[in-house]
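Hi everyone, thanks for having me. Please take a look at the sequence and the structure on the screen, and then we'll walk through them together.

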Amino acid sequence: MAAITADNKDEPIQKYLLIFGTLVSVLIQEMFQFAYYKLLKNVSEGLKSINPDDIAPSMRLLAYVSGLGFGIMRGAFSFVNTLSDSLGPGTVGIHGNPPQFFLNSAFMTLVIILLHGFWGIRVF
């Protein structure tokens, strides 16, 4: 019984740590996307100075590609964790659990990939 009360006492701290961790991870991700934007802009200007006759790719195209790249990386990590859970002895979707778990997870991964693509365009 004492273990249950100790868990309830730590619950607000865990909640705030989760919120703090989420905010920090989003800020770090946005900083990396901005740094990537600055890097691409500097590289594009450097390539123009080396060869002024060559046409550099548009920043819109680079924004789409980088957002999609970030999204695919995020989706791969997210869905690999779901697939690794499916190999265990307690597979979700069997014995009374929702059978559409893997379909929902795949759909949510697709949504996250598209969101990263749109946010990549928005950041640029």
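Let's start with what the record says. An unreviewed UniProt entry puts the feature "transmembrane region" at residues 16–40, 61–81 and 101–121. Keep in mind that what you see is a predicted model.

So how do those spans look in the model? Take residues 16–40: the span is 100% helix and 0% strand, and its end C-alpha atoms lie 36 Å apart. Residues 101–121 are also 100% helix and 0% strand, with 30 Å between the end C-alpha atoms.

Now zoom in on helix α3, which covers residues 101–123. This helix has 23 residues, and from its first C-alpha to its last it reaches 32 Å. That is close to the 33 Å expected at 1.5 Å a residue.

Which residues of α3 are buried? They are S105, T109, I113, H116, G117 and G120.

Let's pick one of them, S105 in helix α3. S105 counts as buried because its relative accessibility is 12%, and the cut-off for buried is under 20%. What does S105 touch, if we skip residues up to four places away in sequence? The partners are F79 and T82.

Next, over to helix α2, residues 59–86. S66 lies in this helix, and S66 counts as buried because its relative accessibility is 7%. Leaving out neighbours within four places in sequence, S66 is in contact with Y36 and F124.

Y64 is found in helix α2 too. Is Y64 buried or partly exposed? Y64 counts as partly exposed, because its relative accessibility is 42%.

And that brings us to the surface. Y64 belongs to a nonpolar patch there, together with L61, V65, F107, M108, L110, L114, F118 and I121. Together these residues have about 900 Å² of accessible area. Which helices supply at least two residues each? Those are α2 and α3. The one that gives the most is α3, with 6 residues.

Note on methods
Residues numbered from 1 in each chain as written. Predicted model: local features only at pLDDT ≥ 70, side-chain atom pairs only at ≥ 80, totals over all residues. Heavy atoms only, no water. Patch = residues over 30% accessible without salt bridge, like charges linked within 9 Å, V, L, I, M, F, W, Y side chains within 5 Å. Areas by Shrake-Rupley, 256 points an atom, 1.4 Å probe, with all protein chains shown as cover. Salt bridge = Lys/Arg side-chain N within 4 Å of Asp/Glu carboxyl O. Helix = DSSP H or I, 4+ residues; strand = E, 2+ residues; numbered from the N terminus. Buried < 20%, exposed > 50% of the residue type's maximum accessible area, 1.4 Å probe, protein only. Contact = heavy atoms within 4.5 Å. Expected span 1.5 Å × (residues − 1). UniProt positions renumbered as here; feature names shortened; annotations may be inferred.
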